[in-house]
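Please look over the structure below, then read the notes that follow.

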Amino acid sequence: MKGEAVVLCPAKINLHLEVGPIRPDGYHDLLSIFHMVDLYDTLWIRSLKSSDFCSVSGDFDFPQAENLIYKAIRRFQNAAGVKNGFDVRADKRIPAGAGLGGGSSDAAGTLRALNSMCGHILPEDILRDIGAGLGSDVPFFMTAPAAIVSGRGEHVEPLPPAEGLWCLLADPGIVVGTAEAYKRLDVSGQLQPLGGRDSIVAAYTDKGPCFRGFSNTFEDTVFKWYPLLRQIKGSLEQIGALRAGLSGSGSSVYGLFAEKKDALRAADLIKLPGVAFREVKMLARLPDAILQ
Ligand code: C5P
């Protein structure tokens, strides 16, 4: 057992996100292209002698028992029969309720780091099943920097990363509740059966006129709820983003640019009160936990 690990947990954006009608289990089938970006939460993990003691500290505004990092530790201990406890310190940089997957990425990073610290005691498929039980986006964060994701989120097929593109993330400081956003989609009556996977993969792989045909089912509903988000998307398109859209159920809106200077120029020109911009690169590889 290694005593300590540091793991970077990246944020994601959804280049494309289709949501199908509600399933009998209350979830929705998805067809989505997820891509990681280089904005990270950092976790410092220390193993402890007693398995009774687990602690997660950081800038969280909810109880420890609801924290996905804490839940990931407890499920890992049970599945692996590990007797050690763990102490985790989290430096949160990914805004919460922003559609960037921060909580899910932290859970995935925790599972991967604990498994590395324990000499890969659990096979990858078991680790991924634990991840899927913690949240729909967690399997993606355990797999690859870019992927087409389907089912509830558990089917993850890696895609080549869209290297070289710059992403301008607009953070309007709004917290969108994912479960509430799904409920609003249900009552909108707009949910249609999912389209074909192959045309989406082809549009991603060609890149051509930058992801032609990509969309996000949440946009109509969430833009009615928070009109500022529609305004941000419109501004990004007007200024020449190759693609602009809502990430997940929001509240982040992103614009893609070929050059860093174009992203910086857009951030400079778009003046919307309360909206902060951050330029990030599309990630080319999943960061490994560093053992100490
Ligand atoms: O799986 P996770 O806990 O992240 O999902 C949060 C909520 O989002 C779920 O309770 C469900 O209401 C909704 N959801 C969904 N279909 C998905 C993923 C999430 O309805 N594929």
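Which elements each supply at least two residues of the shell around the ligand? They are β2 (28-48) and α5 (178-188), where helices (H or I, at least four residues) and strands (E, at least two) are DSSP runs numbered from the N terminus.

This is a predicted model, in which local features need pLDDT of at least 70 and side-chain atom pairs count only at pLDDT 80 or more, while totals for chains, interfaces and linings use all residues. Residues are numbered from 1 along each chain as its sequence is written, and side-chain values use heavy atoms, with hydrogens and water left out.

**Ligand site**

- The residues that surround the ligand are Gly26, Tyr27, His28, Leu30, Gly135, Ser136, Arg152, Thr178 and Tyr182; a residue counts as near if one of its heavy atoms lies within 4 Å of the molecule.
- By class, this shell around the ligand holds three nonpolar, five polar and one charged residues. Ala, Val, Leu, Ile, Met, Phe, Trp, Tyr, Cys and Pro count as nonpolar, Asp, Glu, Lys and Arg as charged, and the others, Gly among them, as polar.
- The space taken by the ligand is the largest pocket. A pocket is an open set of points on a 1 Å grid over the protein atoms alone, with protein on both sides within 12 Å along at least five of seven lines; a molecule sits in it if more than half of its atoms lie within 2 Å of its grid points.

- A polar contact is a pair of N or O atoms within 3.5 Å.
- An N or O atom in the side chain of His28 is 2.6 Å from an oxygen atom of the ligand.
- For Ser136, a polar side-chain atom lies 2.6 Å from an oxygen atom of the ligand.
- A nitrogen atom of the ligand lies 3.1 Å from a backbone N or O atom of Arg152.

**Cavities**

- There are two cavities of 30 Å³ or more; a cavity is a set of grid points where a 1.4 Å probe fits but cannot get out, and lining residues have an atom within 4 Å of a point.
- The largest cavity has a volume of about 40 Å³, a volume being the space filled by probe spheres set on the points.
- α2 gives the most to the lining of the largest cavity, with four residues.
- The second largest cavity holds about 30 Å³ of space, and its lining consists of Ala132, Gly135, Ser136, Pro139, Arg152, Gly153 and Glu154.

Definitions and conventions:
Polar contact = N/O pair within 3.5 Å; in protein donor to acceptor, adjacent residues only side chain to side chain.
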